[in-house]
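Student: I have a structure open and I'd like to learn how to read it. Could you take me through it feature by feature?

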Amino acid sequence: MIGRLRSLLRQTFGSRFLRQSTTLQAAAAVNAASNLVGTVVLANVLGVGELAIFYLAVSSYSLLWSLMNLGLASVATSRIAANLQAGRQERMIGWVGVLLRLSFALAGTAFLVGLVAIPSVAEAYFRENGARIGQLGALLMLVPLLDVPRIAACSAMQAERRMLALARVDMGQELCRLVLVVAGALAFGNAMGPVAGSLAASVAGSLIALDTYRRERKSDSSALPMMVTAARSRSVPAKLALREGVKVGLVRNIDSLGMQTLPTLILGGIGDQKWVTYLRFAQRMIAMARLFMQGINRTALPALSELAGVKDLVGLRRLYWRASLYSGGAITLGLVVSLPLLPYLIRFLFPESYWEPVWLLSLILAPGLAIVSFSVANDVFYLVTGQMRVAIWISAVGLVVNTVAIAALAWYFPRIGVALGLTFTCFFSLVHMGYAFLWFRRNDHLFLRERADGAVVAGTAADVAAR
């Protein structure tokens, strides 16, 4: 028994998946610390009202971008990884190129639409500060355009599983964001400061990513193409990328709308606008643990895609549940350990007026984070198994149900209602895991076959086809 346990631990902690996840989780730890420092500085430099205007401007821009953005990066990463595994170099280059071209086109279109739509809608919706929120939200529509080079470079490096390079990009951009946002807040003294800092940070992030990409290309083991060469490639039709991107984008954008954008806008329009700041700070305190999901999620996508590319369905199922368990277990344990210390941390970091609201909202949000932390590989599962239509339906139903619940709770509880609704939304994520469980169970005939003596042996789709 002890020997089997040692073997299991050696296999787990020596796995390539865990090593790569740990690399990105270390970067996530730096990002969490940077986010926390930035939050503390903004709380002490800007007032609650100015921060609420900034956060509502971010949500206004995010709402429009979510409606226009597609899941091109996730699709491209998956396809680049699969083509690399299969040795299809030209096809791999084509996916990098189509990601670049379509991302620029979508971001540019969104910016032009945002200049017209956001100011007028914000002024009509918000009962106070609508004009300022709209102007800042329209300005933030530049962020997707400035982020395109970084997204394309990181997608290709992620597909080739160059996690150390990704970690360097993440940490570099986050540290630049911290310095530039704080500098902007100090220079302007109002909501315009962090907006200007965010735009500058997007430029810095793209420059860092392109420089890192150039260095990684020099590696003997690298198959990464030159960006100029990729941009000229037409081996992947734009229609194919758009068709797949729409499916993935719908799922991810629906989840983002339901968890982040719409709750903030509902609180700003229906509830107490100042509590937008308290809610964001509570989310930041609680969600520091959630940043560790990024390492597992970004490792899971190329890993699962490689397994799907060679039709290793046994490995696919095993890796899905392993990724879910690693993420959920680590974050839940972190919450159990850190939650009793959170009141002291809040008192140490923030002005006194923040103490009670941030702690109350943190308590409400914590159970939801523990539940949703087990859902790290859901979107990857849907993508590599071809079940995106089911994911879209589940997410669409969840968006309607959860938004109604959040709005109703915000109406009855203007200050804490949105936080209660967000926790309810997190519990809805269990529906996705339930479907994954049923799908794997329904397709057992693809995973297992029996020997003549009755022993069960792992099989693959190739085995099934051969038989």
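Tutor: Let's begin with a term. A nonpolar core is a set of buried Ala, Val, Leu, Ile, Met, Phe, Trp, Tyr and Cys residues joined through side-chain atoms within 4.5 Å. Buried means under 20% relative accessible area, exposed means over 50%, and partly exposed is in between (1.4 Å probe, protein chains only). One caution: this is a predicted model, where local features need pLDDT of at least 70, side-chain atom pairs count only at pLDDT 80 or more, and totals for chains, interfaces and linings use all residues. Residues are numbered from 1 along each chain as its sequence is written, and side-chain values use heavy atoms, with hydrogens and water left out.

Student: Which residues touch the most other members of the largest nonpolar core?

Tutor: In general, nonpolar side chains tend to be buried together in soluble globular proteins. Here the largest core has 100 residues, and Trp-95, Met-157, Phe-350 and Tyr-354 touch the most other members. Helix α5 (residues 89-125) gives this core its largest share, 14 residues. There is also a second, separate core of 14 residues, with Ile-394, Met-433, Trp-439 and Phe-440 among them. Over the whole protein, 54% of the 467 residues count as buried.

Student: How are helices assigned, and how many are there?

Tutor: Helices (H or I, at least four residues) and strands (E, at least two) are DSSP runs, numbered from the N terminus. The protein comes to 22 helices and two strands.

Student: What does Tyr-354 contact?

Tutor: Contact means heavy atoms within 4.5 Å. Leaving aside neighbours within four places in sequence, Tyr-354 is in contact with residues including Ala-43, Leu-46, Leu-51, Thr-277, Phe-281 and Ile-346.

Student: Is Leu-51 buried or exposed?

Tutor: Leu-51 is buried, at a relative accessible area of 0%, and lies in helix α3 (residues 48-68). Not counting residues up to four places away, Leu-51 touches Leu-42, Ala-43, Leu-46, Thr-277, Phe-281 and Tyr-354. The C-alpha atoms of Leu-51 and Lys-274 are 8.4 Å apart, though 223 residues separate the two along the chain.

Student: And Thr-264: where is that residue?

Tutor: Thr-264 sits in helix α11 (residues 238-269) and counts as buried at 2% relative accessibility. Setting aside residues up to four places away in sequence, Thr-264 touches Tyr-55, Leu-56, Ser-59, Val-276 and Arg-280.

Student: How do I read the packing of α8 and α9?

Tutor: Axes are lines fitted to C-alpha atoms, for helices over the stretch in contact, and angles run from 0 to 180 degrees between N-to-C directions. Under 35 degrees counts as roughly parallel, over 145 as roughly antiparallel, 65 to 115 as roughly perpendicular, and the rest as oblique. Helix α8 (residues 163-188) and helix α9 (residues 192-217) pack at about 155°, with axes 7 Å apart, so α8 and α9 are roughly antiparallel to each other.

Student: What is the phi of Asn-129?

Tutor: Most residues other than glycine have a negative phi. Asn-129 has a positive phi of about 65° although it is not a glycine. This residue is in the loop between α5 and α6 and is partly exposed, at 31% relative accessibility.

Student: Where is confidence lowest, and where is it highest?

Tutor: pLDDT is the predictor's confidence in each residue, from 0 to 100. Where pLDDT is low, the predicted coordinates should not be read in detail. The protein averages 78, and 80% of the residues score at least 70. Confidence is lowest in helix α22 (residues 461-466), at a mean of 35, and highest in helix α6 (residues 130-140), at 94.
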